[in-house]
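Reader: Can you walk me through this one? I'm new to it.
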Amino acid sequence: MKFNKVFNMFLLLTASATVFTACKEEGFKVNGEIEGGADKTVVLEKSDFHGRWIAVDSAKVASSGKFEIKSAAPASPEIYRLSLDGRFIYFPVDSIETVSIVSPAARFGTDFEVSGSEQAVNMASFEKELMALDAKDETKRAEFKKNVYSKYLKESRGNIMGYYVLTKIVDGEPLYNPADNTDARYYAAVATGFEQFRPNDPHTGMLREVSLAGIRRRNAEAGKTRVVEAEEIKLLDIDLPNEEGKNVKLSDIAGKGKKTVVIFGMMNEPESPALNIALSELYNAMGGNVAFYQVSFDEDQYSWRDAARNLGWTTVIDPAGITSDAARKYNLGSLPTFFIYSADGELIDRAQSVAELKKKL
């Protein structure tokens, strides 16, 4: 049972609401000129932590070709893109600033100039160099990555472009593959910059985990048990309000002697009753040997509360949606999604359906 379509719509609504409430706050501007683009619509989109692009705002290009979009400044540096007729120009936003883009409409996404910050200029240069690369030639690809590291990443000092370059997808594959030992070293170098200069940036945690995974993999391949001691994250804690308005932590339930299932979903969709019936059957069949902790992303908290009260397990609501810590920590890509913790509170598995969950329990 998939809620992808509903979830994507929810993401758009969440983004729109966030922009609306922040419209009176200081923000950044994207302006410029699109030759031959009169009356066309340009869309400002923002990347989330799961590779999706969320529409933030749009503007109609004037008869002169000029346009301007204003948006609330992100809480931390983020990657944005300007979309026109299914083609894109990418740029970073690090603070309250103005990014200017000039491009002919007919060659939008391939022929463009970006200005406003050093990072924006560098990202535009990187994109053009990437377009010229024969990515299928392994030798040229490897040399290109070395040059990109020396030119853009080595002295990046934790800037958002470093994260963008490392996670760039080319022809359906990552430009820098964290599963490749050589590429994992690039991740480690950039992660060090983030740790030093942006320890509280949400991108830092992902880079840290990828780097540590690369180190563990290389050590295992070399026959070493462990060279670098790193604290293992056993439980990704969540602290959200239940239907009575009282916060309940996942750590209050998980690791208490029985398996715990964390359920991410929505209560007020057509598929929700069938899902909850299936979950109830599974929960009852387990005879009290499993705990459920259900996180909902519903906008209508009143309807959610009515539905949640009918369930026999812990239910909480996450009003922040895709912007929440829980969604980011658990790398959600679809709803519903289930995570399984062992009796001692270690995250051991993931499932995408109740049937799959039942087998894994």
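Author: Buried means under 20% relative accessible area, exposed over 50%, partly exposed in between (1.4 Å probe, protein chains only). Helices (H or I, at least four residues) and strands (E, at least two) are DSSP runs, numbered from the N terminus.

Reader: Why do side chains go both ways?

Author: In a regular strand the side chains alternate between the two faces of the sheet.

Reader: What sort of model is this?

Author: This is a predicted model, where local features need pLDDT of at least 70, side-chain atom pairs count only at pLDDT 80 or more, and totals for chains, interfaces and linings use all residues. Residues are numbered from 1 along each chain as its sequence is written, and side-chain values use heavy atoms, with hydrogens and water left out.

Reader: How many residues of β14 are buried?

Author: 7 of the 7 residues in β14 (residues 290-296) are buried, so the strand is largely enclosed by the rest of the structure.

Reader: Which way does β13 run against β14, parallel or antiparallel?

Author: Parallel, with 7 bridges joining β13 (residues 259-265) to β14. Two strands pair if DSSP finds at least two bridges between them. T260 stands opposite A291 in β14. Between β13 and β14 the chain passes through helix α7 (residues 272-285), in a right-handed β-α-β crossover. Right-handed means that, with the strands pointing away from the viewer, the path from the first strand over the helix to the second runs clockwise.

Reader: And what about β15?

Author: β15 (residues 314-317) pairs with β14 in the parallel sense, over 4 bridges. Q294 faces T315 there. With helix α8 (residues 301-308), β14 and β15 make a right-handed β-α-β unit.

Reader: New topic. How many salt bridges are there?

Author: A search of the whole structure finds 12. A salt bridge is a side-chain nitrogen of Lys or Arg within 4 Å of a carboxyl oxygen of Asp or Glu. One of them joins K151 and E129 (2.7 Å, N to O). That pair links distant parts of the chain, with K151 in helix α3 and E129 in helix α2 (residues 118-131), 22 residues apart.

Reader: Is K151 buried or exposed?

Author: K151 is exposed, at 54% relative accessible area. E129 is partly exposed, at 27%.

Reader: Where does D39 sit?

Author: D39 is in the loop between β1 (27-35) and β2 (41-47). D39 has a positive phi of about 70°, although it is not a glycine.
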